[in-house]
Every structure is written in C-alpha cells, then in structure tokens.
Amino acid sequence: MKLVFAGTPEVAVPALDALLASGRHEVAAVVTRPDAPAGRGRRLVASPVAERAEEAGIEVLKPVRPKDPDFLERLREIAPDCCPVVAYGALLPRVALDIPAHGWVNLHFSLLPAWRGAAPVQHAIMAGDEITGASTFLIEEGLDSGPVYGTVTEEIRPTDTSGDLLTRLAFAGAGLLAATMDGIEDGTLKAVPQPAEGVSLAPKVNVEDARVDWRAPALRVDRVVRGCTPAPGAWTTFRGERLKIVQARPVSERTDLTPAQLAAGKNNVYAGTGSYAVELLWVQPQGKKPMRGADWARGVRIAVGETLGD
C-alpha cells in the first residue's frame, strides 16, 4: 500500500522505522506537528519524526491544523491507501479521515477500551495495572473509540517508570502496526468493535496531578512517582521550594514515620506516607540537577520531625 505516516515524538520513530524496513509498503510522506521552540535559546526544532523522515528522503508535511486546505489538497494528490498514526498530537477532521481508502489506523499504547486518551501509559502505572499493551484501531471521530485490528500485551514491571514502559511499547507496537498494514493490504484482517464495558479514560497528566500526597499509602506514592517519570515529574515542596521526586522505593519495615515526616540516616533518607515509609533514592531540588536522596539530605541538614509538603 501507499502510506502517509503521521506522528511527532521520539516514541513514534520505531513505528516509522518498521514501516520503512518492511519492504512491502511505500511510505510516500510523513505528517507531523510544526517545528516547536526548544532548549534555552528557544530556537525552532523539527520533531523527531520529521528528522527521521528527512534522513530517509521522505516528504514531510507540517500543517498548523490538519483541516488546512493546502494540507488536504496535498494529501489528496498523494492519494494514500492508508495513514498509520502514532502520537501525532492533533485531532483529525472528518474530511481528512475520508481521504485514504483504508482510513487512518492508530497505534495506541493501551489495551483498548482501557485508557482511552493522551496518557495511557502514565495512568496504567498510577492505577497499579499489572498488564498493559498496545492496540491498532481505525480512527473515528470519537476519542480512541474505533474498531480494533490487533493488540500486543506487555507486563508492567514493579520498578517501571512511564518512560521505561513506553519505550518497550514503542518497539512492540511498531511490529504490531507493520503487521496491521500487511493484514489490511491482503484482506486477512478485519477491525472488531470495542466492547462497551471496560472503558477507562487517560487524560493528559498535568503538574498538579503529579504532586505527591503523603497521606496516601506508600504503594500509591510509588505509583505516582513512577507514572510521572520522566514527565511531568512527581514533586512536593521542602522549606517552601519545589522538590522533584525522581525515584523512590517503598520500605514496608519502616512504619515509625507520620505522613510527610522525614528521617535521614548516613546513607538513606525516608519520608512517611499513609502506610509505611518510602526511601527517597533520587531527588531534584529546584534549580539544581538530580542527586541522590542521601546527598540532598546531608546538604540541607534535615531537622528532627521536619516534613515535606505544606
């Protein structure tokens, strides 16, 4: 088939690579978000997908909005058979959805209908799920509600951050997306409607969602820290300044601390929760680089009974 691939961040690059390597389909063009300011100088930088496409000598389309007439006209000229999508980052209007004969097929990082939305991996970890995966589905105008072509499953490991898990899913999902294109092309794969039960939503995780509630049980604190790493980053406050919690570890034998209470030893620092303590393995004080929790504790000289948060 002739394909137009849509995607933007680094997590979409393995899928593009898989399609380029398949040898079965032609990636005629790539659709990605416009260049965005990045770094201290805030200079405009192309998306990772745009950079990879340019390396491969593929036409790159960067519409401000997918409903822009010039973009739609160019898409009609290319006349793709199908448009595979991975984390493109913009809503597709009906007029765009109708152009390819086989529609737009999205790779979504959950087992649909669970965790529809922008942050499925973060929500799966924060909810304590043990199994997740990726799904390919035909895009409709509803939120991740279209019929599903295929899935792959992935275990959520006890120490997984959302970054760890998303990296594994990006590569597992790349193979799934390529296989889905093959199945659509040869007619052996049919999309199956999602069940009405089991729907859950995964909206974007914002900074306030990532604030640690020390009254919650230690396992919940651990899940929030892992689910919000690397972005937006779990955080609390200490002496009125923001402190990012980069890595923590529940310590079930430490039950002597009240919620948010700190206790520092020679090589460890602990914070109390609503159940037992967590060890703060890595933290990042405001305006500084990440550091080991014990090193941070020595530097700030935690007083007896001092707490995190308000």
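Leaving aside its neighbours within four places in sequence, which residues is F109 in contact with? Contact here means heavy atoms within 4.5 Å. F109 touches V11, V86, P120, V121, T132, G133, A134, L166, L169 and A170.

Some ground rules come next. This is a predicted model, in which local features need pLDDT of at least 70 and side-chain atom pairs count only at pLDDT 80 or more, while totals for chains, interfaces and linings use all residues. Residues are numbered from 1 along each chain as its sequence is written, and side-chain values use heavy atoms, with hydrogens and water left out.

Now the whole chain. Its C-alpha trace spans about 70 × 45 × 30 Å along the principal axes. The chain has 8 helices and 15 strands. These are DSSP runs numbered from the N terminus: helices are H or I with at least four residues, strands are E with at least two. Of the 310 residues, 48% are buried, meaning under 20% relative accessible area with a 1.4 Å probe, protein chains only.

Next, the core. A nonpolar core is a set of buried Ala, Val, Leu, Ile, Met, Phe, Trp, Tyr and Cys residues joined through side-chain atoms within 4.5 Å. The largest one has 36 residues. F109 is among those with the most contacts inside it, as are F5, L19, V30, V86, L177 and M181. Helix α6 gives the most to this core, with 9 residues. Another core, of 29 residues, lies apart from it and includes V221, V225, W235 and L308.

Turn to the helices. Axes are lines fitted to C-alpha atoms, for helices over the stretch in contact, and angles run from 0 to 180 degrees between N-to-C directions. The axes of α1 (residues 13-22) and α6 (residues 162-186) come within 8 Å and cross at roughly 40°. Angles under 35 degrees count as roughly parallel, over 145 as roughly antiparallel, 65 to 115 as roughly perpendicular and the rest as oblique. α1 and α6 are therefore oblique to each other. In α1, P14, A15, A18 and L19 meet A170, F171, A174, L177, A178 and M181 of α6. That contact of α1 with α6 divides into 10 nonpolar, no polar and no charged residues.

How does α2 compare? The axes of α1 and α2 come within 9 Å and cross at roughly 25°. They are therefore roughly parallel to each other. V13, L16, D17 and L20 of α1 make the contact with P48, V49, R52 and A53 of α2.

Definitions and conventions:
Nonpolar A, V, L, I, M, F, W, Y, C, P; charged D, E, K, R; others polar. Buried < 20%, exposed > 50% of the residue type's maximum accessible area, 1.4 Å probe, protein only.
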